[in-house]
Amino acid sequence: MKKDHFKSQILQGIPSELPATKAYPKNGNPAPKRKDILSKDEKKLAVQNALRYFPEAWHKELASEFAEELKKYGRIYMHRFKPDYEMYARPISEYPAKTHQAAAIMLMIQNNLDPAVAQHPEELITYGGNGAVFQNWAQYLLTMKYLAEMTEEQTLNMYSGHPMGLFPSSKEAPRVVVTNGMMIPNYSKPDDWERFNALGVSQYGQMTAGSYMYIGPQGIVHGTAITVMNAFRKVLQKNELPEGKIFLTAGLGGMSGAQPKAGNIAGGITICAEVNPEAAKKRHDQGWVDELLVDLDLLVVRTKEAVENKEVVSLAYIGNVVDVWERFHEENIFIHLGSDQTSLHNPWAGGYYPVGLSFEESNSLMVENPEAFKEKVKESLRRQINAINKHTAKGTYFFDYGNAFLLEVSRAGGDVMAENNIDFRYPSYVQDILGPMCFDYGFGPFRWVCTSGDPKDLQKTDAIALEVMKKIKSEAPEEIQQQMQDNIKWISEAEQNKLVVGSQARILYADAEGRSKIADAFNTAIAKGEISAPVVLGRDHHDVSGTDSPFRETSNIYDGSKFTADMAIQNVIGDSFRGATWVSIHNGGGVGWGEVINGGFGMVLDGSEEASNRLKKMLFFDVNNGISRRSWARNKEARFAIEREMERSPNLKVTLPYLVERDILDDLF
Ligand SMILES: NC(=O)c1ccc[n+]([C@@H]2O[C@H](COP(=O)([O-])OP(=O)(O)OC[C@H]3O[C@@H](n4cnc5c(N)ncnc54)[C@H](O)[C@@H]3O)[C@@H](O)[C@H]2O)c1
């Protein structure tokens, strides 16, 4: 009965009768109120834009309601049109669809909007504060209906959440093409986003929100574990273990909350400061951090004890991280690894809390006197870097975690520049760790979702992936043995880490060979009935080839091309004609609107021979496109990887750079 209700509601699209108004759910987690940025005339335009989804007879009633939403939230979400069925990833068989490709996409959309997964589900936001799947509920309703109706001869075009419609295409074409937040470059400043999003004509898709590929916190835990493990390796001797060695950082929020869990997986002592007691308690209740401490003196005692006993433990300090950096210096506590994951991409509106003010004091000051708050933040950043510099002088390895920490410290006038006054004194995690150790070799956040929704299928895929990885490792060159070993460890322990929330999904860092062989083995298992339903493949955009982002994913590109976005665009176009089921390209994701172009794909494996051909062609390109660009930028690990790939793939012919002796350049200018 319930299933039929779900199906009929989807097939209806925009309902034929105006639904009753809805109260905002009591336990909802509302998105922050957005900036009131539109002029009077623009506000009228925003309402006019929203009304074009509905018949004229409803306009009078809806116009005042939408105007009210715009006033109250800064956006028109059309709350009244949210369907009354539960939002979660139902098994693939429960969607009313003509193709299993479309049904799989519906499943992925449902997952991104599941309240157990999504950050602000009522506002259709999956993660990152503004990472939207759709701008409003009308777009959701229309999209689901189009997907239900589409055949294998049609493609749905998504313009920033708006379904433009179904266009004739072919069986081989992607079923959906997604663009999010794509702007004319001169109109891509943060306030432009506020304006065009408020008008209802553009949205911030983050990375995996607007591309229907979010799988909950698992993805972040795996990536963070790889980063922390490799950071320890950089500073420890070959046979030394991280136990009893300290990783000091800040933030127990959305992504940063993965740090203590990852620190435990890496096997060290993680100390994570968090000013918001609620955030710290949430991570403690989830079991992601072992102990909570509210007193700095006690933190010092407990830390010394953990070092003494060579413990593997994570300690959350409820307070400001600057106090910890300063106090640990006074106490002469040696920190092996240091980083920071406060939200400095958003420094003035609650992303970073300055030292010396309580959490509540900061929250009021930022509203009552934004300029004074700004000064406090800058002062705090200067103090923080001074303390960090004292530790690094004693041997601490500090890295930026892609949160704009070094950038904001430099803007605040902190002592963070290298001698050349161009670069920062410390590297970013991609420059030093993920770039050379993973992305340049092609290792990145490959993922899959079992569309049956059955945990047994996920177990089966884990076992298949483990077997394939072991086989590849036995023949892999020395250069990538460590990466293979880390990923084998991850996949062997993945089930017991209990990180599945929402759909039955798994993440696994793998290179081109690994991704392709694992996917092919899944496809065979589906054909034989060993896996009971299709499997969706995808990846995070935070990967080898998907993202051009000069301060993050492509921060280890040193030929001057890191401010170009050719790689991400080539990737999405290339994937789309090599068999992707859907592709997406976004402006903004992670580091902010206008700061990054990132793309991704989804691919449905159904056990067919076509799927086997497609996956090989597409996954090969999806990874090697980025490796070739990284190799052209003279990255030696990428050069190694692409030459190795050319040896085994005669059809691949990549332009290789000649390397120039430095002294030839010395006296030129
Ligand atoms: N984990 C990753 O893989 C990853 C990768 C790249 C970038 N990042 C970046 O990391 C940042 C954090 O992301 P998030 O989703 O966790 O954000 P978030 O806002 O949910 O969490 C940040 C936390 O830091 C706390 N905080 C702020 N100032 C503090 C201070 N001075 N001392 C102690 N705690 C403080 C806040 O209370 C908040 O809970 C973002 O800028 C994100 O882009 C994370």
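Is K145 buried, partly exposed or exposed? K145 counts as partly exposed, at 23% relative accessibility, where buried means under 20% relative accessible area, exposed means over 50%, and partly exposed lies in between, with a 1.4 Å probe and protein chains only.

Before I go on, let me say what we are looking at. This is a predicted model, in which local features need pLDDT of at least 70 and side-chain atom pairs count only at pLDDT 80 or more, while totals for chains, interfaces and linings use all residues. Residues are numbered from 1 along each chain as its sequence is written, and side-chain values use heavy atoms, with hydrogens and water left out.

Let me stay with K145, whose side chain meets that of E149 in a salt bridge, at 2.9 Å from N to O. By a salt bridge I mean a side-chain nitrogen of Lys or Arg within 4 Å of a carboxyl oxygen of Asp or Glu. Side chains of opposite charge can pair when their charged atoms come close. E149 and K145 are 4 residues apart in helix α5, residues 137-149, and are therefore separated by about one helical turn. Helices here are DSSP runs of H or I with at least four residues, strands are runs of E with at least two, and both are numbered from the N terminus. An α-helix has 3.6 residues a turn, so residues three or four places apart point the same way.

How many salt bridges does the structure hold? It holds 40, and I will pick out a few of them.

One joins the side chains of E331 and K304, again with 2.9 Å from N to O. Here E331 lies in the loop between α11 (321-330) and β10 (337-338), whereas K304 lies in helix α10 (residues 296-308), so this pair ties together parts that are 27 residues apart in sequence. E331 is partly exposed, with a relative accessible area of 26%, and K304 is also partly exposed, at 39%.

Another salt bridge is formed by the side chains of R411 and E408, at 3.1 Å from N to O. These two residues are 3 residues apart in helix α15 (residues 405-411), and so about one helical turn separates them. R411 is exposed, with a relative accessible area of 56%, but E408 is buried, with a value of 7%.

A404, found in the loop between β11 (397-398) and α15, has a positive phi of about 70° although it is not a glycine. Most residues other than glycine have a negative phi, and most peptide bonds are trans. R634 also has a positive phi, near 75°, and its place is in the loop between α21 (609-632) and α22 (636-648). With a relative accessible area of 48%, R634 is partly exposed.

Now let us turn to helix α7, residues 218-235. Its 18 residues should span 26 Å at 1.5 Å a residue, and its end C-alpha atoms are 26 Å apart, which agrees; the expected span is 1.5 Å times one less than the number of residues. Of those 18 residues, 14 are buried, so α7 is largely enclosed by the rest of the structure. In the loop between α6 (190-198) and α7 we find Y214, which counts as buried at 13% relative accessibility. The C-alpha atoms of Y214 and W325, which are 111 residues apart along the chain, are separated by 34 Å.

D667 lies in the segment after α23 (662-666), and it is exposed, with a relative accessible area of 73%. V660, I664, L665, L668 and F669 make a nonpolar surface patch of about 600 Å². L665 lies in helix α23 and counts as partly exposed, at 38% relative accessibility. Patches are made of residues with over 30% relative accessible area and no salt bridge, with like charges joined within 9 Å and nonpolar side chains (Val, Leu, Ile, Met, Phe, Trp, Tyr) within 5 Å.

Terms used: Accessible areas come from the Shrake-Rupley method with a 1.4 Å probe; for residues, only the protein chains shown count as cover.
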